[in-house]
Amino acid sequence: MVITVRNPVGSVLYFILSLLAQSILYIQLSGLFVAAFLVLVYGGAILVLFLFVIMLLNIRHADLGPEAAPMIKPMAWVFGVVLLAEAVWVAMGTKARFDGVSENFGSVPEVARLLYGKFVFPFELTSILLLAAIIGAVVIAKRTLS
Amino acid sequence: MPQLDAAININIVLPEISLLIASFLLLTIVPLAKQRIISSIISLASVAVSLYFIYAMWNHQQTGYFGMVTCDNFCLFSKVIFLITCGGAVMLSRDYLVKRGMDRPEYYAMMLISTSGMMFMVSSSNLMVIFIGLEIMSLPLYVLAGFFKDDVKSTESAAKYFFMGAFASAFLLYGIALVYGGTGTTDLSKIFMSTGIALQKNELYLIIGAALILIGFAFKIAAFPFHMWVPDVYQGAPTPVTAFFSIGPKAAGIAVLLRIFIIGFGGVYESFTIIFWILAFLTMATGNIFALMQNDVKRMLAYSSIAHAGYLMLALTAGSSEAVSAALFYLLAYSFFNMGAFAIVTIVENKTGTNHIDTYKGLASRHPWLAVFLALFMFSLAGFPPTAGFIGKFYIFSAAIKANLVWLVVAAVMNSLISVYYYLRPIKAAFFEKAEGEESSAVQLTLGPLMVVAIIITSVGALGLGLFPNYFLKLAAASGLMMM
């Protein structure tokens with residue numbers, strides 16, 4: 001859905017929708033903390049930022065070109081129905097709860113233990129990655145001094 | 001193995017940290033300084049410090065951060081290659097940037113961060129850290145490719161590289177996710193242990209995951225058929241950055257591929273040898289054949305770097321510990337002579353503003369020393385004895401023959417013969433052709449001190465590794481064995 005619409009505002013809204021769905025998946029795994037974070041940080045902060053940026057860019061309808069090819073809509077229906085049937089079929093077949101998930105999956109202490117314990121190194125590396133991205137963005141966006 | 005899984009073991013990331021600290025200095029303090037050369041000096045100093053830490057850690061295998069970081073001779077040897085590349089690129093950059101009024105500390109900071117990303121990448125045996133390391137390596141490279149914002153070609157190069165890199169990352173990430181789905185872990189040695197069960201339960205996850213990871217890295221090392229971006233990107237980017245591109249990410253990609261496929265997917269290695277075989281063959285062939293038709297020296301070197309990726313894939317196909325050491329030795333040699341070749345290209349480009357092969361005409365009569373070095377590096381790229389290129393190729397080929405890849409080696413030798421033609425073209429232009437027009441021999445060549453040092457170091461490396469390879473071969477062999 002994110003990439004089907006021409007209008008980027010629509011894409012962002014669909015992206016939020018898919019994140020909400022993802023957080024519902026986490027709730028089903030009883031990971032309330034992770035689910036809440038997904039909604040707050042991703043859906044709330046980052047995507048609203050996206051929305052602001054897109055609004056600031058001020059894209060006109062004429063720039064976007066025509067809507068997607070006419071074949072897309074019926075195709076989407078076909079795939080959607082197939083996917084739904086598949087999901088229902090899987091849902092009927094499986095037991096109510098996954099076995100692989102531990103008791104306190106997604107609780108605050110557990111997330112913290114993993115983040116600052118086993119995964120501390122990738123976690124810290126991510127900060128370097130973000131720093132590199134920020135510097136890169138500034139270098140590219142900065143006007144040339146004359 | 002002492003100190004297994006010591007939780008916080010800051011010693012083993014000291015080489016990376018010294019680069020990162022230098023890059024922070026470059027971004028915070030150096031902009032205040034009047035003398036711009038200080039940024040080159042700080043970068044080189046951090047490279048030297050990093051090399052010292054690596055020297056201190058040699059032969060001390062250790063792990064840390066809950067097994068996320070492994071530090072063995074294999075990764076240390078690759079780190080040396082990255083540091084040489086980084087140092088060389090920094091030295092080449094000074095003159096080039098000053099001439100264009102773009103000598104900014106950000107440039108060096110990006111280069112250092114990118115190098116630290118490569119180092120993180122090889123020092124981990126966990127796919128998650130490898131992926132983050134790859135991204136730390138790539139993001140600054142996109143920016144460096146488009147560093148000359150006013151130059152259309154540079155911007156085009158950055159855009160192409162960015163999109164290709166994003167595709168590659170997507171493939172890689174999807175592959176990692178599938179492997180995780182198949183085995184339940186991202187740790188390479190654990191993947192290896194659970195290969196049997198994973199294959200029994202669901203064969204496809206692991207195999208398709210491994211294949212997608214291969215595709216992701218094939219983009220990075222520019223193997224056929226994922227090489228189409230290379231010539232445009234290499235041509236458009238600033239020349240010192242091209243030198244950095246053509247060695248650093250390639251070496252990192254090859255090293256990590258070796259580690260992933262030999263350790264992690266050792267159980268399914270057999271299913272991939274035929275794919276490696278085909279990839280190696282086609283990569284060599286396309287690189288060399290397209291290089292024949294290039295008139296732009298930078299573009300020719302871009303295709304030649306594809307061909308060299310093909311020779312390195314040969315080692316991947318063989319997959320023995322000898323092949324790993326041969327690949328490491330070759331990468332070390334390659335980093336010297338390729339950097340040297342780019343140094344000459346940079347000098348000529350600084351002076352004339354283009355890279356067309358005609359600008360090399362009569363170089364020998366105008367600047368004999370430059371022409372001699374050009375010849376040295378081109379001979380080394382082509383793999384003539386007594387240069388490093390010959391020894392490197394020799395060991396890769398002999399390792400491949402021991403692994404019964406006779407036909408692939410025959411193809412590789414044929415390819416080397418083809419490559420001689422285009423490597424000799426600049427030499428022929430420099431020594432045997434007269435420059436058209438009135439370009440007088442009075443044109444004085446001004447070289448910055450760093451450029452001179454770069455040429456001396458690379459030529460010493462290119463010759464030294466060829467004449468006295470034993471010491472370095474021993475080091476490479478130790479690294480190859482250590483990984484197994």
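Analyst: A residue is called buried when its relative accessible area is under 20%, exposed when that value is over 50%, and partly exposed in between. Keep in mind that this is a predicted model. With that cut-off, Asp72(B) is buried, and so is Arg259(B).

User: What do Asp72(B) and Arg259(B) form together?

Analyst: A salt bridge, with the closest N and O atoms 3.3 Å apart. The cut-off is 4 Å between a side-chain nitrogen of Lys or Arg and a carboxyl oxygen of Asp or Glu, so this pair passes.

User: Where in the chain do Asp72(B) and Arg259(B) sit?

Analyst: Asp72(B) is in the loop between strand S2 and H3 of chain B, while Arg259(B) is in helix H11. They are 187 residues apart, and the pair links distant parts of the chain.

User: How do you know that the side chains of Glu16(B) and Lys79(B) meet in a salt bridge?

Analyst: Check the distance: it's 3.0 Å, N to O. That is within 4 Å, so the pair counts. Glu16(B) lies in helix H1 and Lys79(B) in helix H3 of chain B, so the pair ties together parts that are 63 residues apart in sequence.

User: Why does Glu16(B) count as buried?

Analyst: Its relative accessibility is 0%, and the word applies under 20%, so Glu16(B) gets the label. Lys79(B) also comes out at 0%, so it counts as buried.

User: Is Lys160(B) buried, partly exposed or exposed?

Analyst: Partly exposed, because its relative accessibility is 31%, and that label covers values between the 20% and 50% cut-offs. Glu156(B) has 35%, so it gets that label as well.

User: How far apart are the closest N and O atoms of Lys160(B) and Glu156(B)?

Analyst: They are 2.9 Å apart, and the two residues form a salt bridge. Both lie in helix H6 of chain B, four residues apart, about one turn of the helix. They also belong to a network of salt bridges with Asp232(B) and Arg299(B).

User: What makes Asn338(B) buried?

Analyst: Its relative accessible area is 0%, so it falls under the 20% cut-off. Asn338(B) is in helix H14 of chain B. Not counting residues up to four places away in sequence, its contacts are Ser246(B), Ile247(B), Leu301(B) and Leu381(B).

User: How many residues does the largest nonpolar core have?

Analyst: It has 187, and those with the most contacts inside it are Phe217(B), Ile260(B), Phe261(B) and Phe265(B). H14(B) gives this core its largest share, 21 residues. Take Ile260(B): leaving aside neighbours within four places in sequence, its contacts include Leu127(B), Leu188(B), Phe217(B) and Phe265(B).

User: Which residues does the second core include?

Analyst: Val12(A), Leu19(A), Leu51(A) and Ile54(A) are among its seven residues, and this core is separate.

User: What do chain B and chain A bury between them?

Analyst: About 2100 Å², 83% of it on carbon and sulfur atoms. The contact takes 25 residues from chain B and 20 from chain A. On the side of chain B that touches chain A, the residues divide into 20 nonpolar, no polar and five charged. H5(B) gives the most to that side, with eight residues.

Note on methods. Residues numbered from 1 in each chain as written. Chains lettered and ligands numbered in written order. Predicted model: local features only at pLDDT ≥ 70, side-chain atom pairs only at ≥ 80, totals over all residues. Heavy atoms only, no water. Helix = DSSP H or I, 4+ residues; strand = E, 2+ residues; numbered from the N terminus. Buried < 20%, exposed > 50% of the residue type's maximum accessible area, 1.4 Å probe, protein only. Contact = heavy atoms within 4.5 Å. Core = buried A, V, L, I, M, F, W, Y, C linked by side-chain atoms within 4.5 Å. Buried area = accessible area lost by both parts, 1.4 Å probe. Nonpolar A, V, L, I, M, F, W, Y, C, P; charged D, E, K, R; others polar.
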